[in-house]
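Q: Can you walk me through this one? I'd like to start with how the terms are set.

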Amino acid sequence: MGATPGKLYQVDLTIFCTTFPTTFGQFPVLGLNPYGTCQTNTRQGVTASEAFVEVGVVATDMHGNGSFKVVVGPVPSGTYNVEFRVLNGAGCGLIGGGPCDQDHSSADFQSPGPIFGDTTTITVP
Amino acid sequence: MKRIFLMVVALLLSVIAASAATTQKWTAGWDNFSEPLNYNKSKITWSVNPTTSKLSVTFKLVGATPSKLYQVTIHFFCTTFPPTFGQFPTETNNGACVTITRQGVTASVAAVELGVVTTDINGNGTFAVVVGPVASGTYTIEFVARNGAGCGLVGGGPCDTNHAAGDFQSPGPTFGDTTTITIP
């Protein structure tokens, strides 16, 4: 609600990890190093290892409002420490959008936040 | 009393009939004809709520290119068109519908970009949107899935052939084959 009107925001799950499988449900996992190790990044002065799952795009209307719903699965049993992200455009890690640059792949919004590495725990029994 | 009851039942039936969902298939084009898709399982489902004047549309793609963005639109066949359709801006030439030629057919259209279907590793994805309230009227339209995302919107790819071309149309199979949507 109240975002930039007429804009594409790619939404993803940032999963904090040391190693991770190549898929999460029906989606590919991005940002893995060889042998499945998670990529180390520093944001807001916090360094952590992470992998990404790009699950879709929110397109906003002329009021800057938009929504997107997705069902992911089946997901392997486990406990996942995640942050949800909203990127500044659409196309990074996907075909048919903009390039994977600052204008499209930088994170505009995070949840829970307010700091990179503040996580939500999702348990899949 | 019996007459009133029958009138209420008739009214309810007419509302239900007006709100009934319509399902229609995708066809190839109107620009690209080799994009993969399971045409039997892919579909568009839409309905009009006559009370709220809102149009609900669900776009479903099955067996398309994996991990790809398909921007979905409504193209209106028109001579002039208002600047908005529900909560979305429309693409016109200062209110005049734009003449284009596809598949040998020339027609004037306006477009509204509704959102994006993102496909998974199997090439499957869905996107649902509620548009409205929409001004009363009869709209002659085609649904389109573009070959990427960003045309007419901020934050995607450029409005070029690689992103804006029509991969799938409905009803089709030819540009100008239309669906009529009536908003009471």
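A: Buried means under 20% relative accessible area, exposed over 50%, and partly exposed in between, with a 1.4 Å probe and protein chains only. This is a predicted model, where local features need pLDDT of at least 70 and side-chain atom pairs count only at pLDDT 80 or more, while totals for chains, interfaces and linings use all residues. Residues are numbered from 1 along each chain as its sequence is written, chains are lettered from A and ligands numbered from 1 in the order written, and side-chain values use heavy atoms, with hydrogens and water left out.

Q: How much of chain B is buried, then?
A: Of its 184 residues, 48% are buried.

Q: And what is the secondary structure of chain B?
A: Chain B has two helices and 13 strands, taken as DSSP runs numbered from the N terminus (helices H or I, at least four residues; strands E, at least two).

Q: Which residues touch the most other members of the largest nonpolar core?
A: B:Phe59, B:Phe85 and B:Phe143, in a core of 34 residues. A nonpolar core here is a set of buried Ala, Val, Leu, Ile, Met, Phe, Trp, Tyr and Cys residues joined through side-chain atoms within 4.5 Å. The elements of chain B giving it two or more residues include strand E4 (54-61), strand E9 (105-118) and strand E11 (137-146).

Q: Changing topic: how many residues does each chain bring to the contact between A and B?
A: Chain A brings 27 residues and chain B 31. About 2,000 Å² is buried between them, 66% of it from carbon and sulfur atoms; buried area is the accessible area (1.4 Å probe) that two parts lose on being put together, summed over both. On the chain A side, A:Leu8, A:Met62 and A:Ile95 supply 26% of the area buried against chain B, more than any other three residues.

Q: What does B:Asp31 pair with?
A: B:Arg102, with the closest N and O atoms 2.9 Å apart. The two are 71 residues apart, B:Asp31 in the loop between strand E2 (27-28) and E3, and B:Arg102 in strand E8 (98-102) of chain B. B:Asp31 is partly exposed at 28%, and B:Arg102 is partly exposed at 26%.

Q: And B:Arg146 with B:Glu113: buried or exposed?
A: B:Arg146 is buried at 8% relative accessible area, and B:Glu113 is buried at 5%. Their side chains form a salt bridge at 2.8 Å, N to O.

Q: What about B:Asp167, what does it bridge to?
A: B:Lys68, at 3.9 Å between the closest N and O atoms. B:Asp167 and B:Lys68 are buried.

Definitions and conventions. Contact = heavy atoms within 4.5 Å. Salt bridge = Lys/Arg side-chain N within 4 Å of Asp/Glu carboxyl O.
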